[in-house]
Amino acid sequence: MLTIKNLHASAAGREILRGIDLEIKAGEVHAIMGPNGSGKSTLAQVLAGRDLYTVTAGKVLYDGNDLLAMKPEERARAGIFLAFQYPVEIPGVSNLYFLRSAVNSIRKARGLEELDAFDFLQVSDGKMKLLGMDPSFRERPVNAGFSGGEKKRNEIFQMAMLEPRLAILDETDSGLDIDALKTVADGVNAMRSPDRAILVVTHYQRLLNYIVPDFVHVLANGRIVKSGRKELALELEEKGYVGLETTVAY
Amino acid sequence: MSTSANQIEVIANQEYKYGFVTDIEQETVPPGLNEDVIRLISAKKQEPEWLTEWRLNAYRHWLKMKDPKWATVEYPPIDFQSIVYYSAPKMKEGPKSLADVDPKLLETYEKLGIPLRERELLSGVAVDAVFDSISVATTFKDKLAKLGIIFGSFSEAVQEHPELVRKYLGSVVPATDNFYAGLNSAVFSDGSFCYVPKGVRCPMELSTYFRINAKSTGQFERTLIIADEGSHVSYLEGCTAPMRDENQLHAAVVELVAHDNAQIKYSTIQNWYPGDKNGKGGIYNFVTKRGKCLGVNSKISWTQVETGSAITWKYPSCILQGDNSVGEFYSVALTNNRQQADTGTKMIHIGKNTRSTIISKGISAGHGKNTYRGMVKILKGAEGARNYSQCDSLLIGDQCSAHTFPYLEVKNSAAQVEHEATTSKIGEDQIFYCQQRGLSTEDAVSMIVNGFARQVIKELPMEFAVEAQKLLGVSLEGSVG
């Protein structure tokens, strides 16, 4: 589904990604781990099309198409979803209106009929229940005045509504207490399916106890320095990133 | 610059779509202003002598006044002798019915989306259409007349209801009030007049559509609305003008009077030509609007969506004279490119337990300059008066500016006054967030702006709320979903 080849990216003239290679197939869950500043979030943002970053070399194929040539909204419509590390506030716009516009713009792009207000409420009711969210969430302005946990939960709710093919979770565990973490993980696990791939970006192994990955990659200094099965995460938990970083030659 | 900022700029530079000129034979007086021109205007309208004198007195007082300089707007001095003070499409004599209206005029309004042919009117809105200096058509007149509602052009009212005009003209905005109100009082040409009799609820929205067409012409309309005891009326005005290189002056006066238990809702969607992106041309919109809550329990509510004009200078205000009367001001002002707006309100609390609410939303994009200027004045006798003010500014890009000048004058210690203000910026992170959820940049900007303006838009009559949302969209970008 996603093929990343020798991806280099920089921001403000500083190279952050220094040659990433990664292959993700439908149905797989991959975890990217790494110390702060290793480029994890940059990778997530570059895949979503954030223009703060310039891709200087390499390519990314998504379903065989050149992902880097697509605008951010085209990527979203093609099924790429990014759960933000820092979800953005939009005052005055209700969650309901925002999400219904998003769902319908994506449905429209896929040639599906738009959901009317009634259908939308019905579909969203079920998904909110799953995430332990109060229906009043829909009436509140997008992320405005939300607690850190509510924002993260709202990201997963949006993901559930948008039904992406490739979901990228950027540090979704940060700022969550253990109960919220479990709820969010349940929400993500409920979306695992043979047609969908999930890329989990995280600093800590904790989240991976609940969202168990098929593959774990360690990112350091803008490169994947080690890849393995889920056991690798546990090994990292024990030994830390220190040893891995030193193996990277400049 | 990053792509999304670029895209905002491209979108923001959309053209003004009402900029066409109607080629129609006009009757125009030569440019310039003196007592003879005023007498000529008055004579053309076959006005009674008292009104001619009223105009001349206003003119004589105006000569002693100076163009106000306190607003946060910049423009070169206006040459009042180069302006044409009267211009009217040539029309047949006799009673005005729609059949008599020049088809070219009907076509103009069709193009603007204002259907004047009653049979095509489904929305239940009565329209008075003002083209340059005169009213060219009023719809649904007969239907309204059956309820005793007088609605039509100001000139007609002068002929048919001189006693009402004489009683109320200048009673809220005196001819000596300010420079532009003085000028208007001397040369006003036409506008709308509405009287709603005791206990009548007007069954439809009343609306005036103002169109400036002729070159070098100023538009000086005068609107007077009187709601008698226990009556209700909702009124809307819309405005457009052709794209021209020179600046044109629009100096209107609107007076509202609400008697005991009466309510007036006055909504404006102002979309005069704003000038091009370098600030060439555009309308100077220097307007005095004021309502008087004369009776007990009366209510006057102003809602405005200001997206047009090169410069907007207006402060729709309420004099809360009757006990328990209520004044409201809801405003969205959008400035893009080189537009400047200095707008706000005055709430003058005189009666006991008077209440006022001010919600102002300023949006600045491009090099736009947006100022909120408001005054809340609570007089000594206004026992139990309350005011709530909220002024929010939204900035798009980093070349624009927003300013807030709230003035408070409280002479009664039992009064409650609250003021809140915020300034925020549309961030690239907000736009990216929306894009990541599948929305285009245009839809994202429009959604963020409409979210910001929502508190005001929801005060508009439903038909116009949709219009206003679209207009906010068009003024910044392509379309609103």
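Strand E17 (326–335), strand E19 (355–364), strand E20 (369–378), strand E21 (386–395) and strand E22 (401–410) of chain B each supply at least two residues to the lining of the largest cavity. Strands (E, at least two residues) and helices (H or I, at least four) are DSSP runs, numbered from the N terminus. The model is predicted, and local features need pLDDT of at least 70. Residues are numbered from 1 along each chain as its sequence is written.

A cavity is a set of points on a 1 Å grid over the protein atoms alone where a 1.4 Å probe fits but cannot get out; lining residues have an atom within 4 Å of a point. A volume is the space filled by probe spheres set on the points, which are joined across faces, edges and corners. There are five cavities of 30 Å³ or more, and the largest has a volume of about 90 Å³. Of its 15 lining residues, the closest to the centre are Ser360(B), Gly362(B), Asn370(B), Thr371(B) and Tyr372(B).

| Lining class | Residues |
|---|---|
| nonpolar | four |
| polar | nine |
| charged | two |

Ala, Val, Leu, Ile, Met, Phe, Trp, Tyr, Cys and Pro count as nonpolar, Asp, Glu, Lys and Arg as charged, and the others, Gly among them, as polar.

In chain A, 12 of the 15 residues of helix H5 are buried, so H5(A) is largely enclosed by the rest of the structure. Buried means under 20% relative accessible area (1.4 Å probe, protein chains only). Among the buried residues are Lys151(A), Phe157(A) and Leu162(A). Glu163(A), which follows H5(A), has a positive phi, near 45°.

Conventions:
Chains lettered and ligands numbered in written order. Predicted model: local features only at pLDDT ≥ 70, side-chain atom pairs only at ≥ 80, totals over all residues. Heavy atoms only, no water. 1 Å grid on protein atoms, 1.4 Å probe; cavity = no way out; pocket = protein on both sides within 12 Å on 5 of 7 lines; lining within 4 Å. Buried < 20%, exposed > 50% of the residue type's maximum accessible area, 1.4 Å probe, protein only.
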